[in-house]
Amino acid sequence: GGLCPANSFCEAGPPGTAVDCPAGKYQELIGETECKECLAGHFCAPAYVESVNGTLIVAEAHLQACPNGTYNPLTGSVAIDACLTCPGGYVCGNAANATVACPPG
């Protein structure tokens, strides 16, 4: 048994049966029964873990911030491609969900 780990949720079934959050969703808490919609300014892509024999295994989706110089006004994004390049004359900080006009000068 035990609580479901972060980045997963527990469906009805045997205690401790965790299901990884799919792309576009995340869950930062343990013991939850559902995943949350990925936030604007972020993307929720699955992590890839290398197994012992060198193959890549898709693991649960994680909440990841759009990098400086990009923004994402949408929720539920599944890849970094959703982070749009900040246009000239605007500033986009880490995890920006909108552009901010540069001050005059």
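The accessible surface of the protein comes to about 6,300 Å², and carbon and sulfur atoms account for 59% of that area. The model is predicted.

**Overall fold**

The protein has 10 strands and zero helices. From the N terminus on, its elements read β-β-β-β-β-β-β-β-β-β. The chain has 105 residues, of which 27% count as buried. Take the contacts between residues at least 6 apart in sequence: 38% of them join residues at least 24 apart.

Histidine 42 belongs to strand E5, which covers residues 42-50. Threonine 70 belongs to strand E7, residues 70-71. Histidine 42 counts as buried because its relative accessible area, 14%, is under 20%. Threonine 70 is likewise buried, at 13% relative accessibility.

| Side chain | Backbone oxygen of | Distance |
|---|---|---|
| Histidine 42 | Alanine 40 | 3.0 Å |
| Threonine 70 | Proline 67 | 2.6 Å |

**Surroundings of histidine 42**

Neighbours within four places in sequence are set aside here. Histidine 42 then touches Leu63, Gln64, Ala65 and Cys66, along with Asn72, Ser77 and Ala95.

**Surroundings of threonine 70**

Cysteine 86 lies 16 residues away from threonine 70 along the chain, yet their C-alpha atoms are separated by 4.9 Å.

Note on methods. Residues are numbered from 1 along each chain as its sequence is written. This is a predicted model: local features need pLDDT of at least 70, side-chain atom pairs count only at pLDDT 80 or more; totals for chains, interfaces and linings use all residues. Side-chain values use heavy atoms; hydrogens and water are left out. Helices (H or I, at least four residues) and strands (E, at least two) are DSSP runs, numbered from the N terminus. Buried means under 20% relative accessible area, exposed over 50%, partly exposed in between (1.4 Å probe, protein chains only). A polar contact is a pair of N or O atoms within 3.5 Å; within protein, one must be able to donate a hydrogen and the other to accept it, and residues adjacent in sequence count only if both atoms are side-chain atoms. Contact means heavy atoms within 4.5 Å. Accessible areas come from the Shrake-Rupley method with a 1.4 Å probe; for residues, only the protein chains shown count as cover.
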